Amino acid sequence: MAPISMTVPDDAEEVVRTAEYNVNRLWIAWRNRFSDKTSKEVLAMVAYQFAKLYYETLRQGEEQQSLLENFEAELDRLLEIE
């Protein structure tokens with residue numbers, strides 16, 4: 001695969017490099033593991049895996065936010081009583 005050129009803001013460079021490293025690492029591992037698949041199929045599998053992880057993390061963040069909001073509301077309620 002040919003490298004993809006892109007411009008990245010300085011403050012995002014570390015995140016982009018980490019993402020690139022992990023995508024490449026998984027693609028290489030799965031390319032070897034699923035030798036019957038084309039490069040495009042493996043890339044699609046990798047994209048799906050990272051999308052799945054993204055949405056799982058997003059859901060967990062939303063659940064944590066809800067938990068914190070409920071905790072704060074309960075704490076406010078308890079402090080108003082005293």
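Predicted model: local features only at pLDDT ≥ 70, side-chain atom pairs only at ≥ 80, totals over all residues.
**View 1**
Rolling a probe the size of a water molecule over the atoms shows where empty space is left. Here a pocket is an open set of points on a 1 Å grid over the protein atoms alone, where a 1.4 Å probe fits and protein lies on both sides within 12 Å along at least five of seven lines. Lining residues have an atom within 4 Å of a point. The largest pocket has 16 of them, and Pro3, Ile4, Met6, Glu20 and Asn24 lie nearest its centre. Helix H1 (residues 13–33) gives the most to this lining, with nine residues. Helices are DSSP runs of H or I with at least four residues, numbered from the N terminus. Sorted by class, the lining holds twelve nonpolar, one polar and three charged residues. For this count, Ala, Val, Leu, Ile, Met, Phe, Trp, Tyr, Cys and Pro are nonpolar, Asp, Glu, Lys and Arg are charged, and the others, Gly among them, are polar.

**View 1. Ser5, in the segment before H1.**
Look for Ser5 in the segment before H1. Ser5 counts as exposed because its relative accessibility is 74%; the cut-offs are under 20% relative accessible area for buried, over 50% for exposed, and partly exposed in between (1.4 Å probe, protein chains only). Ser5 and Phe34 are 29 residues apart in sequence, and their C-alpha atoms are 27 Å apart in space.

Glu13 lies in helix H1 and is partly exposed, at 32% relative accessibility. From Glu13 to Ser39 there are 26 residues in sequence and 26 Å in space, C-alpha to C-alpha. Asn32 also has its place in helix H1. With a relative accessible area of 60%, Asn32 is exposed. Between the C-alpha atoms of Asn32 and Glu20, twelve residues apart along the chain, the separation is 18 Å.

**View 2. A nonpolar patch on the surface.**
Three residues, Tyr54, Tyr55 and Leu58, form this patch, and together they have about 340 Å² of accessible area. Patches are made of residues with over 30% relative accessible area and no salt bridge; like charges are joined within 9 Å, and nonpolar side chains (Val, Leu, Ile, Met, Phe, Trp, Tyr) within 5 Å. The areas come from the Shrake-Rupley method with a 1.4 Å probe, and for residues only the protein chains shown count as cover. Tyr54 is found in helix H2 (residues 39–81). Its relative accessible area of 48% makes Tyr54 partly exposed.

Side chains of opposite charge can pair when their charged atoms come close. A salt bridge here is a side-chain nitrogen of Lys or Arg within 4 Å of a carboxyl oxygen of Asp or Glu. The structure holds four salt bridges, including the pairs described here and in the next view. Glu56 pairs with Lys52, with 3.5 Å between the closest N and O atoms. Glu56 is partly exposed at 27%, and Lys52 is partly exposed at 35%. Arg59 forms a salt bridge with Glu63, again with the closest N and O atoms 3.5 Å apart. Arg59 and Glu63 sit four residues apart in helix H2, about one turn of the helix. Arg59 counts as partly exposed at 45%, as does Glu63 at 49%.

**View 3. Glu74 and its partner Arg77.**
Which residue does Glu74 meet in a salt bridge? The partner is Arg77, at 2.5 Å from N to O. Both residues lie in helix H2, three residues apart, about one turn of the helix. Arg77 is partly exposed, with a relative accessible area of 41%, and Glu74 is partly exposed with 34%. Glu74 and Ser35 are 39 residues apart along the chain, and 55 Å separates their C-alpha atoms.

Key: Residues numbered from 1 in each chain as written. Heavy atoms only, no water. Helix = DSSP H or I, 4+ residues; strand = E, 2+ residues; numbered from the N terminus.
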